[in-house]
Amino acid sequence: MIGDIVPRSPTDRLVRDFTKKDKEREFDAELVSQVVGMSRAFIARALGRPNTRPKTYTLRDVLDLLDVDGFQETFVPRSKIPKYLLEDSLAPPSELPALRQSTRTIGDVELRVGNARDLLPRLAAGSVQCVTTSSPYWGMRVYENERSVTWADGETCPYGFEQTPEGFIRHTIELLVLLKPAITKTGSVWWNIMDTYNTRTPIRGNARERLDAMGEKPGSRKGWTEHAACRHSAGHMYLDDTELSSVPPRIAERASRVGYKLKSFITWRKHTSPPEPVKSRVSRQAEYVLHLSVNRTPFFDKAAWLKLESRLGGPNMLRESAERITDVWYLPTASGKNGHGAEFPLALAGRCIALTTKPGELVLDPFVGSGTTAVAAVELGRPCIGFDISEAYIEVAESRVRSATHQPQLDEGSDDVGAQLSARKPAATG
Ligand SMILES: C[S@@+](CC[C@H](N)C(=O)[O-])C[C@H]1O[C@@H](n2cnc3c(N)ncnc32)[C@H](O)[C@@H]1O
């Protein structure tokens, strides 16, 4: 059962009383670089050993780095880094136990039911050319089959249901760290993300539910705490009630600190946006897409974008230049007819895939939901792997992919899978 979100920032402190043996323990240099948020070259300088590039650092080195001005948390909070390194860091992929997972294969598309945190480290190294995804956003939605995940920072919660925005940012960065070895040298990651206001609010299942609630008759409204899942606003170390949490730019900076190259911070200017009952600020009409790569010059094919149909993300002739692709994308929102409630448009997925893959190269969506990325990959002739923690959403995705590949549906019933899903188990709780 999902509970409330109360963004009460912890006040933990770093302790340093480790045994001499623990202080001399060595850890992989790449992992250390990712937990302290510093490049290997900077670490060498900060430790006073310029021009060295050791394969490991000791815990003593790490404790020293935690005092350097340039330190910034990435996916483990400062006070928990020694424990994480000594006890909790992940085994190398070759030593991970096999997972029992349900996989559906439709032509070149594989859909796996499971938790992205478990599945990402099991991807073959250097196998994915392009990741196109939209993760859950912080504290906004209750999804179908919401399930708890245990994270490197010690928190156990569904992704998107962290007690603080910092927790959500850490978990996103942990997933990006687990994903990185699977990306090819020329590969790209396109990560769609939205910000959250630090407000008191009931958390709902989808936009329809939110609109219905706003239309409730005066006098019949529930008090906000009577909803099954609520987000409170008091207790954060600095965010006041009604302030924007700045989640997307903070993810962008930390992605860079764990070794990704931040290529672009794209504004997706949506054609429409839900009404917001606000008087002291502007309404929102944008979401963001981070374009990350693992090397400075990822594969990037503007010519392919120019030839693309607008349905699949080609130039929007009314709003975008036909010659130049910029960091403002004018794309529609998804129709929502697949019953997921948080779908992104086919045009967004198609644009990202066409720009950064060649036909036949593997696309991944670790939060595939209703399968939009997989459908775009099929239409563009790319194989695709999709994960989702919800079996019900994987069923929706499977049905859409079967239609896109002209393969017969397994379920002979209604082809309105969105209606089937909503009828079977409403995602909403609030
Ligand atoms: C924003 S939606 C993705 C929607 C998708 N882009 C589409 O067009 O339908 C995020 C998805 O992440 C899934 N999810 C949440 N936590 C997850 C986890 N730990 N591992 C894998 N999937 C997860 C949810 O079930 C949800 O379908």
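Analyst: A residue counts as buried here if 20 or more other C-beta atoms lie within 10 Å of its own. By that rule, 43% of the 430 residues of the protein chain are buried. The model is predicted, and the pLDDT of the protein chain averages 89, with 89% of the residues scoring at least 70. Residues 412–430 have a pLDDT below 50, although this stretch has 45 contacts in the model beyond near neighbours in sequence.

The chain holds 14 helices and 17 strands. Among its contacts between residues at least 6 apart in sequence, 75% join residues at least 24 apart.

The buried ones are T372, T373, A374, V375, A376, A377 and V378. In general, residues three or four places apart in an α-helix point the same way, because there are 3.6 residues a turn.

Which elements do the buried residues of α12 pack against? Two helices are on the list, α11 (346–356) and α13 (391–404). The strands are β4 (109–113), β5 (128–134), β16 (363–365) and β17 (384–388). Just after α12, G381 has a positive phi of about 75°.

T372, a buried residue of α12, is among the closest residues to the ligand, together with E343, F367, G369 and S370. In total, 21 residues surround the ligand. By class, 11 of the shell residues are nonpolar, seven are polar and three are charged. Strand β17, one of the packing partners of α12, supplies at least two residues of this shell, and so does α6 (116–119).

Strand β8 spans residues 183–193 and is mostly covered, with nine of its 11 residues buried. β8 also pairs with β14 (residues 286–293), in the antiparallel sense and over six bridges. In that pairing, the partner of V189 is L292 in β14. In a regular strand, side chains alternate between the two faces of the sheet.

To sum up, α12 packs against both β5 and β17.

Conventions. Residues are numbered from 1 along each chain as its sequence is written. This is a predicted model: local features need pLDDT of at least 70, side-chain atom pairs count only at pLDDT 80 or more; totals for chains, interfaces and linings use all residues. A residue is buried if 20 or more other C-beta atoms lie within 10 Å of its own, exposed if 12 or fewer, and partly exposed in between; C-beta atoms are placed from the backbone. Helices (H or I, at least four residues) and strands (E, at least two) are DSSP runs, numbered from the N terminus. Two residues are in contact if their C-beta atoms, placed from the backbone, lie within 7 Å. A residue is near a molecule or strand if its C-beta atom, placed from the backbone, lies within 6 Å of it. Ala, Val, Leu, Ile, Met, Phe, Trp, Tyr, Cys and Pro count as nonpolar, Asp, Glu, Lys and Arg as charged, and the others, Gly among them, as polar. pLDDT is the predictor's confidence in each residue, from 0 to 100. Two strands pair if DSSP finds at least two bridges between them.
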